[in-house]
Amino acid sequence: MHDINMNDVSSGNFDRGRIKDVSGPMVVAETDFSVRMFEAVRVGPLELLGEVVRIRSSEAEIQVCDDTTGLRVGEEVLFTRELLGVELGPGLLGQVLDGAGRPAGGPKNALPEGKVWRFIPSVGVGDPVGPGDILGTVPEGTRFLHRVLCPLNAVGGRVAWVAREGDRSVRECVCRLEDGTELALSQRREVRIPRRGGVRLPLDRPLFTGQRVLDTLFPLAVGGVALLSGEFGTGKTVMQQALARCCAADVVVCVSCGERGNETAEIMERFSTLTAPCSGAPLMERTILIANPSNMPPAGRDVAVCLGMTAAEYYRDMGYGVLVLIDSLSRWAEALRQERHPADLDTRLARICERAGRMEPLGRPSRQGSVTIVGAVSPWGGDFSDPVTQTALRLSGASWRLDKNLARSRRFPAIDRSASWSLYALTDAFVADASVADASVGEAGEDWPELKEYLKSVMLRARELEDVRRAGRTGLSEEDKWVLYHAESLKVLYLQQSACDAASFPKRSAHLLRLLKALDGRARKAINSGLSCGEIASVAVRPPAALHAVPKASGTSEKDLPAGVEEWLALLNAKLADGTGPAGPEKAGGEA
């Protein structure tokens, strides 16, 4: 993790110590000067990145983020006199960084060195500027507008000079204040210190995830925290990939902590070829991948999470909605003390979660931004009482638990509806977040709360009937049989969703649920007229055509559901009304 203030070693702007002891990623250095906690250091002739984690009288214990193979006692350690920081600016989107903030296989700095950006000023000579004010904009990619901010540590003042519209490099001065302060396109931020925010806003807006079961039953608020938990093999990685692709966020930060290297490589390969359904732009144009796989030193996992949160706060201050995906918190916690959970686990995890939120950042003009966190945990042996899972549950506003039995039966997303929950009190209408630039996700409509309650009531009633049937009672009424049958149809046609399909937009999800509700109402009327559940089912769903028509119709290739689905429902109404087909009233009456 490098920054613009890092000078050459030969300049002498470092305190110098010597290696006394090396044990894995831990290095003990002898010092005869003052050292700061979490100070960034360079260890050995290769200048391995590390930070101070413990200070004794004349010794500093350093946690190195790189492989320490080859280090020797007596080699030099450079203390930078600064906390661990990262350079942020145009060009960060689309990058694949390691746990220390360095591009994979590229140069040391996260931002492109020789690239220039089109700077468009927003202030003029004589204008007052303060911390967080927008100095100008830089078009980045096909749709993203990077807003150049005055750093929060700047004193502020009046503009003495501002660059004209034109091409500038990230470190080139674009604005000079009357006191001589020069401001560039990029700025340095310390990763372990949360960025000062403005006014926190209530978490009352739902974040569109593209997954029907989550958006309908267990919604996540913009600026909230959700926990995705499940055993190995239940689909956590695929679920997070679907969230990264389909969610209604302006920026997505994916932090891979201790995951297998092949999973990380698969994410990098897939994301480079995908597009975001909300905007149609390449997915990597709004994504930052921070990879610290299991074959890298565990010390880099904590730094990787802090780096991801710092990048998210940077774009939040521009007024954008950011989603941070952390996979996984279990391996992050193991790395804190080499497979032993530290006593301050609650505090450390709380420091991460408290950086989420929806707020009005400092600076002018007024704007709103958000950071939403979705963390994954993988409890060993499916034991959800382990410290990491329980701590994360206490700090989360929504819990999405994956069920192994559902995953084995190939029902994805394998969300366990009995163990999942959401505490967010959201607005009635499901609309896109105001901070999201793309509003193409549409609205669900005023009847969305009623549709959600309908789905919950059917699934609850079906669970009660299943308990009755397990108790040995077999004489269910025809209406109860239909409830069980229709609940299964809702699971297959609505709650089940392929991760390979495009997102199910709110407008489309609501339309599909209205059709299924209308089917339920028409079937109940037919039962009251004397038809049996089996006779209605033979008309309502004719495998395989009708069964597969609805899931295909829930895609996003068309603006509305195909007319074939509407015709299917109209045909059902006609057959149940006039007695044609295999389940007409006359046939049912004759059998009776």
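In this predicted model, E59 and K20 form a salt bridge, with their closest N and O atoms 2.3 Å apart. The bridge links distant parts of the chain, since E59 belongs to strand β5 (residues 59-64) and K20 to strand β1 (residues 15-23), 39 residues apart. Side chains of opposite charge can pair when their charged atoms come close. In total, the structure holds 36 salt bridges.

**Accessibility of the pair E59 and K20**

- E59 has a relative accessibility of 17% and therefore counts as buried, the cut-off being under 20%.
- K20 has a relative accessible area of 41%, which means that K20 is partly exposed.

**A salt bridge between two loops**

- D133 and R364 form a salt bridge in which the closest N and O atoms are 3.1 Å apart.
- D133 lies in the loop between β10 (128-129) and β11 (134-140), and R364 lies in the loop between β25 (357-360) and β26 (369-377), so the pair ties together parts that are 231 residues apart in sequence.
- D133 counts as buried because its relative accessibility is 6%.
- R364, at 48% relative accessibility, counts as partly exposed.

- R524 is partly exposed at a relative accessible area of 26%, whereas D520 is buried at 3%.

**Packing of helices α5 and α6**

- Helix α5 (residues 329-336) packs with helix α6 (residues 345-353) at an angle of about 130°, and their axes are 12 Å apart.
- Because of this angle, α5 is oblique to α6.
- The crossing in which α5 passes α6 is right-handed.
- On the α5 side, the contact is made by L329, W332, A333 and L336; on the α6 side, it is made by L345, R348, L349 and I352.
- The residues of this contact between α5 and α6 comprise 7 nonpolar, no polar and 1 charged.

Definitions and conventions. Residues numbered from 1 in each chain as written. Predicted model: local features only at pLDDT ≥ 70, side-chain atom pairs only at ≥ 80, totals over all residues. Heavy atoms only, no water. Axes fitted to C-alpha atoms, helices over the stretch in contact; angles between N-to-C directions. Helix = DSSP H or I, 4+ residues; strand = E, 2+ residues; numbered from the N terminus. Parallel < 35°, antiparallel > 145°, perpendicular 65-115°, else oblique. Left-handed = near helix turned anticlockwise from the far one by under 90°. Contact = heavy atoms within 4.5 Å. Nonpolar A, V, L, I, M, F, W, Y, C, P; charged D, E, K, R; others polar. Salt bridge = Lys/Arg side-chain N within 4 Å of Asp/Glu carboxyl O. Buried < 20%, exposed > 50% of the residue type's maximum accessible area, 1.4 Å probe, protein only.
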